[in-house]
Structure formats: C-alpha cells, structure tokens
Amino acid sequence: MKIRENYYKGKAKLRYIFYNRNFGKIWYPYLYPSYWHMKGMKKLPQKQYINYFSARPNPGAGIGHQMANWIAGYWFSKQFGLLFAHIPFSTSRIPYTSSPWEYFLGFGQGEITVEELVERRGYQLVRIPLFNEKQKNELEMIRCIIRSYTDQKTVFLAEQDQFYEAQYGVMDTIQKKFYAAPVERGKLVYEKDKGIHIAVHVRRGDVTKNSSNPNIQMRWLDLCYYEEILKQIVLYLSEKNVHIYIFSQDIKEVTDSFSAFPNVHFCLDMNEQDTFWHLTQADVLIISKSSFSYKPALLSSGVVIAPKCFWHGYPESKRWIIVDEENPKFYFENVRDLF
C-alpha cells in the first residue's frame, strides 16, 4: 500500500510541476491531448452521448480545500451542460479510495461515480486544461473541447485545483446533501434551544503573523478583530443568554485573550469533524480566513460574520455580515429579528 501511495504521490507531484506551474503561459493548453483533439475536429460530431464532468478533491489538502474542489466540479458541470460525476473525498492518492469525510459530508449520495463510469460503463477519462472562469475566451475553449467529444462516452476531469471563486453557487445543493446524509454526527456541547450560541474559529497552527510567505500572511487575523466583533454582539444581545465557543489550535493565546468574556467556552481539543459540525450548528458563526470555517458557513442556517478580504465570495444574504478586518464595526441591529 505504501509503495502504491508513493507512486501516485510522485505522479501527482510531477503533474503539478509540468501542468499547473505552466498555467497562464501561452503554450499551456498545448500540453493537453484534449486541446489537440478539439483542434483536429473538422465538423461537429453527429452522434451525441450523455457526458460527465468531475473534479477530484485534492487528497493532499485539508477538507475545506477538498470541498472547494468538489464544489468547483459540481458547479462547472452545470455551466457546461454536463452531468456531474463524483470522486470521493480521500487522504490517499490511490484512485477511488475514500476517507471518513466522504461519509460525514454525504455529498456523494445520489451521484454516479467516476469509478463506475470508467471502470464498468466504458467511459474514457479526459483531462481538460485549467481555465480562468472570468475569461470568456478560455471558457469557450473548454466548451469547444467538450463539443469535440460528444460522439464518445467521456468523463471530463478538471485539472487539479481548478478555481471557482463564488462557491456559494451550490450552497442549496450541498446543504440538502449534508443534512440528508445517513450518518450520525457527534453530540453538540451546546443545546440548540437554550440561549444564543456563538462559534468563533481562530485560525492558528499553520499561519503565523510574521511569516515571510505572503500566502500565509493573507490568512492571518489578529485576535483584536475577533474581540471587537464579540464585544459588539454581546452588547447587541445583552438581554439574551449568550454563550461563546472558541475553536482554535493555539490554547494559550486564545485563553488569555477571550477569558474576560462572559459564558466563554474553549473547545480546543475537538477533532476536525466534531469542530466542523459545531461550526455548522452555531446561531452565530464568526469565521476566519480559512476554508475550514468558510465551508461550514455555507452549510449553516445561522448568522455568519466574515472578513471582507477573502479568496472566495459571499452570498448576498441578510444572514451574512461582511466586516472590514481593519475596522471591524458592523450593524448587528439588522439581524436582531433573527433571534
């Protein structure tokens, strides 16, 4: 098993170097056989099969990142007029394996899998180049590639980490799947019908304030950001029974910073799935610059407070409050009627 894992891990690394690092260069599409198949098409095929689109959750990434991959695949399948084919969530590079997240999320329920199509139904797997969803010429190139295969049973596979900015475009779909999943999730530490429960995700561990890596710096939020938001919420809901739950990897920093708040609870030793579940069930969720808390926000029916500068989009909803991290003032009054 370890030899197979290392084999597929090596293949993935070489593929990233050869393909992903050349994205944006003029010759990039030329690296793909699917591009040349499209260029060699003389006329539109007469025969037409029902074809599929998929994207693989990156097994080398965290679950928030993996969900972004899956969501991109689902979203673009609809944009290109194709059916969606599911690839399981996994932490292994070996094809078609799955992790406990596959069953916890339930996104594969009711979806045909790539494995079923390729291994048992005679479909071929065709990779397509990375594309910028905001560039019409690149989208048209992908559509032309897809049209060139209409006479062949094909599953189109997005290149690893194909970006889809909005993410909330499939929010209704993933909520239905998540809450219909036949899985028993952990018991909540708060009682949903007693008081107002505020969950705060403070991203630490993999991010540091003084990192020289700009990709890490962009993910940092000072504790004063969270403190200012909490002060405003506690003030607005002063007549309510408010409880605050802190989820983080930095025990000392958060306990020193948030201990002064009333009814504060530190949930610092939960596993990932229990933490994720609690974030989805909070009445108010204060997210960090992290896909790990952004994805539970997409699954939440509560109020979400989010930093303005983030790499994914936010839905236009009364429940979503977008806050400038440099001056985290907001008007919670607008959502008081939700409590």
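1. Leaving aside neighbours within four places in sequence, S290 is in contact (heavy atoms within 4.5 Å) with H201, R203, F310 and W311. The residue lies in the loop between β8 (284-286) and α12 (291-299); helices (H or I, at least four residues) and strands (E, at least two) are DSSP runs, numbered from the N terminus. S290 is buried, at a relative accessible area of 5%. Here buried means under 20% relative accessible area, exposed over 50%, and partly exposed in between, with a 1.4 Å probe and protein chains only.

2. On the basis of the note: this is a predicted model, in which local features need pLDDT of at least 70 and side-chain atom pairs count only at pLDDT 80 or more, while totals for chains, interfaces and linings use all residues. Residues are numbered from 1 along each chain as its sequence is written, and side-chain values use heavy atoms, with hydrogens and water left out.

3. S290 also caps the N-terminal end of α12, with a side-chain oxygen 3.0 Å from the backbone nitrogen of F292. A polar contact is a pair of N or O atoms within 3.5 Å; within protein, one must be able to donate a hydrogen and the other to accept it, and residues adjacent in sequence count only if both atoms are side-chain atoms. As for the helix, nine of the nine residues of α12 are buried, so α12 is largely enclosed by the rest of the structure. Among the buried residues are K295, Y294 and P296.

4. S148 is found in the loop between α6 (136-147) and β4 (154-158). S148 is buried, with a relative accessible area of 3%. A polar atom of the S148 side chain lies 2.6 Å from the backbone oxygen of I145. Beyond neighbours within four places in sequence, S148 is in contact with H37, M38, M41 and P45.

5. Is S98 buried, exposed or partly exposed? At 36% relative accessibility, S98 counts as partly exposed. The residue is found in the loop between β2 (83-84) and α4 (100-105). Not counting residues up to four places away in sequence, S98 touches P88, F89, S90 and Y103. With Y103 there is a polar contact of 3.2 Å between the two side chains. The C-alpha atoms of S98 and F131 are separated by 27 Å, the two residues being 33 apart along the chain.

6. Strand β6 (residues 242-248) has seven of seven residues buried, so β6 is largely enclosed by the rest of the structure. V242, I244, I246 and S248 point one way from β6, while H243, Y245 and F247 point the other way, and all are buried. In a regular strand the side chains alternate between the two faces of the sheet.

7. Strand β5 (residues 196-202) runs parallel to β6 and is joined to β6 by seven bridges; two strands pair if DSSP finds at least two bridges between them. The bridge partner of V202 in β6 is S248. β6 also pairs with strand β7 (residues 264-266), in the parallel sense and over three bridges. In β7, V264 is the bridge partner of I244.

8. A four-stranded open sheet has the order β2-β1-β4-β3, with parallel pairing. Its edge strands are β2 and β3 (124-128), each of which pairs on one side only. β3 and β4 run parallel and are joined by five bridges.

9. α1 (2-18), α3 (63-79), β3 and β4 each supply at least two residues of the lining. The most comes from α1, with seven residues.

10. How many disulfides are there? The count is zero, with a disulfide taken as a pair of cysteine sulfur atoms within 2.5 Å. The closest cysteine sulfur to that of C224 is in C309, 15 Å away, which is too far for a bond. C267 is buried, with a relative accessible area of 10%.
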